Each structure stands twice: as C-alpha cells, then as structure tokens.
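Have the sequence and the 3D view ready as you read.

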Amino acid sequence: MMKPLGLGYQKIDMCPNFCMLYYFENGELTESMTCGHSHYKPRIGRGKTLVAYKKLRYFSITLRQQRLFMSPRTAEHMTWHQSHHAVDGVMVHPFDGEAWKHFNSVHPHF
C-alpha cells in the first residue's frame, strides 16, 4: 500500500526481548549481546533461510516530510509556525510560548 506512494520501509531484525537491533555489522550475530537470546528461529525441515524472531519496520521520516511538502495546501500547514504572528498575552500554540521563543533565539539556524 505504501510502495506506490514512494514511502517504503526498511526491515531490521531485532531481539525478541527488545534489547538489541541487528543492524549493519550486528547482522551477522547469532545471539543477542545483551540477553543472549537467539537471533533466528530454529529451522524445521530442510529450509536454508534464516528467519528472525522479530522484525522492526523503519519508516524514514524524510520521505514522509518530502511527500507532505509536495502539496501546497499541506505545506502551508507545515510552515504555519514560521509565518504566524502571535498576539501579546494570548497563547494559541506552543510556538507562542516563551520557551519556544528562547529556543529560536539560541538556535536561529534550526
């Protein structure tokens, strides 16, 4: 359903106890370095493929944000905080708060 929209995902094996991801160089490990649980389910029969106990599906936020900015209507909502001008004494969004204003003054590049 997501692939035709250009919004794929990456499958990453993980420990069934949620203590470790088998990512990059960790993909060759056969058991968790934290809890010692096996990475793969026991093979039944003659199947040669290894099946991980659990898989994490990682959805990249970059592709989703690019997709949101493709529509001018959605992009207008995504950039509202940049063009919004607050009325003194009235807070309608966290952007109007002092903490947000302080963050913007300390990190102008963000």
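## Ground rules

Strands here are DSSP runs of E with at least two residues, and helices are runs of H or I with at least four residues, both numbered from the N terminus. The model is predicted, so local features need pLDDT of at least 70 and side-chain atom pairs count only at pLDDT 80 or more, while totals for chains, interfaces and linings use all residues. Residues are numbered from 1 along each chain as its sequence is written, and side-chain values use heavy atoms, leaving out hydrogens and water.

Three strands make an open, antiparallel sheet in the order 2-1-3; two strands pair if DSSP finds at least two bridges between them. Strand 2 (21-22) and strand 3 (54-58) are the edge strands, each pairing on one side only.

Strand 1 (residues 10-14) joins strand 3 in the antiparallel sense through 5 bridges. Met 14 stands opposite Lys 54 in strand 3.

## Contacts of Asp 13

Which side chain does Lys 55 meet in a salt bridge? Its partner is Asp 13, at 2.7 Å, N to O (a salt bridge puts a side-chain nitrogen of Lys or Arg within 4 Å of a carboxyl oxygen of Asp or Glu). This pair links distant parts of the chain, with Lys 55 in strand 3 and Asp 13 in strand 1, 42 residues apart. The structure holds 1 salt bridge.

Asp 13 is buried, at 13% relative accessible area, and Lys 55 is partly exposed, at 40% (buried is under 20%, exposed over 50%, partly exposed in between, with a 1.4 Å probe and protein chains only).

His 39 lies in the loop between strand 2 and strand 3 and counts as buried, at 0% relative accessibility.
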